[in-house]
Amino acid sequence: MQRSAGKLAIFLAGIYLLVLFGVVVSTASGSPIPLIGWPILLLPAAAFTYSIIDAVKLHRSSDIAETTRLWRRSLLLAVVGTGLMVLAVVITNRITPL
(Lines give C-alpha, C1' and ligand atoms only; values in the text may rest on other atoms or scores of the structure.)
Protein backbone atom coordinates (compact mmCIF):
# COMPACT_ATOMS: atom_id res chain seq x y z
CA MET A 1 0.00 0.00 0.00
CA GLN A 2 2.76 2.47 0.89
CA ARG A 3 4.70 1.83 -2.30
CA SER A 4 1.48 2.28 -4.26
CA ALA A 5 1.34 5.87 -2.98
CA GLY A 6 4.77 6.45 -4.53
CA LYS A 7 3.59 4.94 -7.81
CA LEU A 8 0.53 7.21 -7.77
CA ALA A 9 2.78 10.22 -7.19
CA ILE A 10 4.89 9.30 -10.22
CA PHE A 11 1.71 8.75 -12.27
CA LEU A 12 0.36 12.20 -11.36
CA ALA A 13 3.70 13.76 -12.28
CA GLY A 14 3.44 12.02 -15.64
CA ILE A 15 0.02 13.55 -16.20
CA TYR A 16 1.52 16.95 -15.44
CA LEU A 17 4.20 16.35 -18.08
CA LEU A 18 1.48 15.44 -20.58
CA VAL A 19 -0.34 18.69 -19.80
CA LEU A 20 2.86 20.67 -20.39
CA PHE A 21 3.47 18.79 -23.64
CA GLY A 22 -0.08 19.60 -24.73
CA VAL A 23 0.42 23.29 -24.04
CA VAL A 24 3.68 23.31 -26.01
CA VAL A 25 2.00 21.54 -28.96
CA SER A 26 -0.95 23.92 -28.77
CA THR A 27 1.38 26.92 -28.80
CA ALA A 28 3.40 25.52 -31.70
CA SER A 29 0.26 24.87 -33.73
CA GLY A 30 -0.88 28.48 -33.53
CA SER A 31 -2.97 28.76 -30.40
CA PRO A 32 -0.54 30.38 -27.95
CA ILE A 33 -1.19 31.11 -24.31
CA PRO A 34 -0.30 34.51 -22.84
CA LEU A 35 3.28 35.03 -21.72
CA ILE A 36 2.25 35.15 -18.05
CA GLY A 37 0.75 31.68 -18.46
CA TRP A 38 4.15 29.97 -18.74
CA PRO A 39 5.39 30.82 -15.23
CA ILE A 40 1.98 29.88 -13.84
CA LEU A 41 2.15 26.50 -15.59
CA LEU A 42 5.61 25.83 -14.18
CA LEU A 43 4.60 26.34 -10.52
CA PRO A 44 3.40 22.73 -10.00
CA ALA A 45 6.81 21.46 -11.12
CA ALA A 46 8.28 22.30 -7.70
CA ALA A 47 5.79 20.10 -5.85
CA PHE A 48 6.09 17.27 -8.37
CA THR A 49 9.90 17.34 -8.25
CA TYR A 50 10.02 16.76 -4.51
CA SER A 51 7.21 14.23 -4.78
CA ILE A 52 9.15 12.15 -7.29
CA ILE A 53 12.34 12.38 -5.22
CA ASP A 54 10.47 11.06 -2.19
CA ALA A 55 8.77 8.34 -4.27
CA VAL A 56 12.13 7.08 -5.53
CA LYS A 57 13.53 7.11 -1.97
CA LEU A 58 10.40 5.25 -0.87
CA HIS A 59 10.98 2.45 -3.35
CA ARG A 60 14.62 2.13 -2.35
CA SER A 61 14.06 2.17 1.41
CA SER A 62 13.45 -0.84 3.62
CA ASP A 63 13.17 1.01 6.94
CA ILE A 64 9.57 1.02 8.21
CA ALA A 65 9.75 4.45 9.86
CA GLU A 66 11.29 6.03 6.79
CA THR A 67 8.78 4.48 4.38
CA THR A 68 5.92 5.72 6.57
CA ARG A 69 7.29 9.26 6.43
CA LEU A 70 8.11 9.13 2.72
CA TRP A 71 4.83 7.78 1.39
CA ARG A 72 2.80 10.42 3.21
CA ARG A 73 5.05 13.24 2.05
CA SER A 74 5.23 11.93 -1.52
CA LEU A 75 1.47 11.56 -1.80
CA LEU A 76 0.78 14.92 -0.16
CA LEU A 77 3.14 16.74 -2.53
CA ALA A 78 1.61 14.93 -5.52
CA VAL A 79 -1.88 16.01 -4.47
CA VAL A 80 -0.69 19.59 -3.95
CA GLY A 81 1.01 19.52 -7.36
CA THR A 82 -2.16 18.19 -8.99
CA GLY A 83 -4.22 20.93 -7.39
CA LEU A 84 -1.74 23.55 -8.57
CA MET A 85 -1.78 22.03 -12.05
CA VAL A 86 -5.57 22.22 -12.29
CA LEU A 87 -5.53 25.77 -10.96
CA ALA A 88 -2.81 26.78 -13.44
CA VAL A 89 -4.74 25.34 -16.37
CA VAL A 90 -7.92 27.12 -15.30
CA ILE A 91 -6.09 30.43 -14.85
CA THR A 92 -4.27 30.23 -18.19
CA ASN A 93 -7.52 29.38 -20.00
CA ARG A 94 -9.27 32.41 -18.49
CA ILE A 95 -6.52 34.85 -19.45
CA THR A 96 -7.29 36.22 -22.88
CA PRO A 97 -4.33 36.66 -25.22
CA LEU A 98 -3.52 40.14 -26.45
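Is arginine 73 buried, exposed or partly exposed, and what is its relative accessibility? Arginine 73 counts as partly exposed, because its relative accessibility is 39%, where buried means under 20% relative accessible area, exposed over 50% and partly exposed in between, with a 1.4 Å probe and protein chains only. The views below show a predicted model, in which local features need pLDDT of at least 70 and side-chain atom pairs count only at pLDDT 80 or more, while totals for chains, interfaces and linings use all residues. Residues are numbered from 1 along each chain as its sequence is written, and side-chain values use heavy atoms, with hydrogens and water left out.

**View 1. A salt bridge joins arginine 73 and aspartate 54.** The N to O distance between the two side chains is 2.9 Å, a salt bridge being a side-chain nitrogen of Lys or Arg within 4 Å of a carboxyl oxygen of Asp or Glu. The pair connects distant parts of the chain, with arginine 73 in helix H4 (residues 64-94) and aspartate 54 in helix H3 (residues 44-60), 19 residues apart; helices are DSSP runs (H or I, at least four residues) numbered from the N terminus. Aspartate 54 counts as buried, because its relative accessibility is 4%. By this rule the count of salt bridges comes to one.

**View 2. Helix H4 has buried residues that pack against other helices.** The buried residues of H4, among them Leu70, Trp71, Gly81 and Met85, pack against helix H1 (2-28), helix H2 (37-42) and H3, contact meaning heavy atoms within 4.5 Å.

**View 3. Threonine 82 lies in helix H4.** Threonine 82 is buried, with a relative accessible area of 18%. Leaving aside residues up to four places away in sequence, threonine 82 touches Leu12 and Phe48.

**View 4. Leu76, Val80, Leu84, Leu87 and Ile91 make up a nonpolar surface patch.** Together these residues have about 400 Å² of accessible area. Valine 80, placed in helix H4, is partly exposed at a relative accessible area of 40%.

**View 5. UniProt lists residues 36-53 and 74-95 as "transmembrane region" in an unreviewed entry.** In the model, residues 36-53 are 89% helix and 0% strand, with end C-alpha atoms 28 Å apart.

Note on methods
Helices (H or I, at least four residues) and strands (E, at least two) are DSSP runs, numbered from the N terminus. UniProt positions are given in the numbering used here, feature names are shortened, and annotations may be inferred rather than shown by experiment. Patches are made of residues with over 30% relative accessible area and no salt bridge: like charges are joined within 9 Å, nonpolar side chains (Val, Leu, Ile, Met, Phe, Trp, Tyr) within 5 Å. Accessible areas come from the Shrake-Rupley method with a 1.4 Å probe; for residues, only the protein chains shown count as cover.
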